[in-house]
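Biologist: I would like to learn how to read a structure like this one. Can we take it feature by feature?

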Amino acid sequence: MKRLVPLFILAVASILFAQAPNQATLRSAAGDRAVSVTHVDGQTMFAADEVMAALGGSMAPEGNGFQVSLNNAVAVFGPDTRFAVIRDELIEMPIMPAVVDGRPYVPWQFFQGFLSKAVDLDVSWDPLARVLAVRPAQHVVLGVQLSVANVQGISKVVATLSAPADYAILKEARAYTIRFKSPIRAPFSEQTYDDPYVAKATFSGNDLRLDLKGPDIAADAYKLDNPFRVVVDLHKVAGGAPSLPAIAGTRPVEAPGIQTIVIDPGHGGKEVGAVGPAGLMEKDVTLALCRKLAESLESKLKARVILTRTDDSVVPLDQRTSIANQFKADLFLSVHMNAAVVKGAHGAETYFLSLDASDELARKAAEVENASAATNSTDSDLKLILWDLAQQEYLNESSRFAQAVQEEMNRITGVQSRGVKQAPFKVLIGATMPAALVEVGFITNPDEEAKLKSDDFEKQVVDALTTAIQRYKTDFETRIGVLRPAAPSVGPAAKKKNGT
Ligand SMILES: [Zn+2]
């Protein structure tokens, strides 16, 4: 009986405070209580510390932002972004959190995102009664979170569901509709976006309709698990990479299998990359090697090959994957030379993308390669996470591809034990195809530097990489059941890469 007394008092208190403009009622299994609110742009914002404390969790400052935790689940958010992060997922809020007297206030959608992911609770806000209700999630009706973000020319629409559901995608001239086959609880009924492609998202019944800003916008849709997400990538149908007029055209043949391969010679221009003790520069070795590799792939695989640079020019890291995405490439290989962080290091290393490095040396390697002046310095962790979603769908394939590359490289360098590694290489982020990065040799090791200069070794590497790509291509096409006895002629298209 004792426990009921404070709950009773709280309930009475909340009724008394409910009408106050700076208070709302938090309704949970523990009963009703008043929480502080503020208003920004017509949105009701809730004091994050009070709501978390009332639910048995906590909030603390974290860097420039704040961290909330409940039952071992942690989310972080900051005052300058509409996105909060829980694990490697995003929680989208309609407006940014507001900090008043050092205390953060967040819209109710933050709690919906956090509590549904963290502890399987559902949150709803009744603006008339001013009640923020938190209750156990009911799985009959699926909760939906929607996020829309444009990065590098692709608008990524992610509908995150509280459980897997069947769906169909219906296409109209200027709209796509995702029709869920289970009842859903919409996060809103309609929202407009300041996005180059998405005008508006509307929930109605079990439909999520995306109205587009033009008729020349194409979509790639796919689903991801854990949590269940339906992702729609929207991009312009025509048009080349904006600052690379030499490259034009889109994929000539819409056929399954590995048809278009993008090879990325690391660094270029003032971005010289690693430099050997005798002055050999990574940017020069990678360009020479990749030109020969492109020729080899074109002649042996009859594949369409595109180089991200064909001369000694600076190409920003994010533009390299953009090129691959625009050409709808089926494979992306970035070629680099290692700078040794430990003495005597030799041999090749192959990586695929992960936000977490597989070991300390892998993390260092990524740090070295990411430290490029051509990198957009505003790249935040959040953007990395957002873009990691693009590559996530292909991680399994990327790992197989990296494996083939590493095995062939081990064969020529006589190193047996070295395996594939994972690290957050920025150049792989955002690639919507299997992607890997190979560090051919340690240019900073005098012996390896001498070897990298020799035509003999260059030919061995070109052959090894050609074999690796051929192996992966055969493996992939066998697995997806594509029989392609003769590859289509792609001569004219392949020549376009050297257009000027
Ligand atoms: Zn490099």
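Modeller: Start with Trp125. Its relative accessibility is 16%, so Trp125 counts as buried; the cut-off for that label is under 20%. Keep in mind that this is a predicted model.

Biologist: What does Trp125 pair with, and how are the two rings arranged?

Modeller: For aromatic pairs, read the distance between ring centres and the angle between planes. Planes over 60 degrees apart count as edge-to-face. Phe46 and Trp125 have ring centres 4.9 Å apart and planes at 85 degrees, so this pair is edge-to-face. Phe46 sits in strand β3 (residues 43-47) and Trp125 in strand β11 (residues 121-126), so the pair ties together parts 79 residues apart in sequence. Phe46 is buried as well, at 0% relative accessibility.

Biologist: How is the pair of Phe401 and Tyr472 arranged?

Modeller: That pair is tilted, with 5.3 Å from centre to centre and 50 degrees between the planes. Phe401 belongs to helix α8 (residues 395-413) and Tyr472 to helix α10 (residues 455-479). The two residues are 71 residues apart, so the pair links distant parts of the chain. Phe401 is buried at 0% relative accessible area. Tyr472 is buried at 1%.

Biologist: Now the whole protein. How many helices and strands are there, and what share of residues is buried?

Modeller: The protein has 11 helices and 28 strands. Of its 500 residues, 52% are buried. Among contacts with a separation of 6 or more, 65% are between residues 24 or more positions apart.

Biologist: How do I read the surroundings of a single residue? Take Ile178: buried or exposed?

Modeller: Look up its element, its accessibility, then its contacts. Ile178 is in strand β16 (residues 175-180). Ile178 is buried, with a relative accessible area of 1%. Leaving out residues up to four places away in sequence, Ile178 touches Tyr167, Ala168, Ile169, Asn206, Asp207, Leu208, Val230 and Val232. For a distance in space, take Phe203: Ile178 is 25 residues from it in sequence and 9.7 Å from it, C-alpha to C-alpha.

Biologist: How should I read a helix with buried residues?

Modeller: Begin with the helix repeat. An α-helix has 3.6 residues a turn, so residues three or four places apart point the same way. Now take α6 (residues 360-370), whose buried residues are Ala362, Ala365, Ala366, Glu369 and Asn370. They cover an arc of only 125 degrees around the axis, which puts them on the same side of α6.

Biologist: What covers the buried residues of α6?

Modeller: The cover includes helices α4 (282-301) and α5 (317-326). It also includes strands β25 (331-338), β26 (349-353), β27 (421-423) and β28 (435-442).

Biologist: How many bridges join β13 to β14?

Modeller: Strands β13 (residues 142-151) and β14 (residues 154-161) run antiparallel and are joined by 8 bridges. Asn150 stands opposite Ser155 in β14.

Definitions and conventions:
Residues are numbered from 1 along each chain as its sequence is written. This is a predicted model: local features need pLDDT of at least 70, side-chain atom pairs count only at pLDDT 80 or more; totals for chains, interfaces and linings use all residues. Side-chain values use heavy atoms; hydrogens and water are left out. Helices (H or I, at least four residues) and strands (E, at least two) are DSSP runs, numbered from the N terminus. Buried means under 20% relative accessible area, exposed over 50%, partly exposed in between (1.4 Å probe, protein chains only). Contact means heavy atoms within 4.5 Å. Rings of Phe, Tyr and Trp (its six-membered ring) pair if their centres lie within 6.5 Å; planes under 30 degrees apart count as stacked, over 60 as edge-to-face and the rest as tilted. The arc is that of the directions from the helix axis to the C-beta atoms. Two strands pair if DSSP finds at least two bridges between them.
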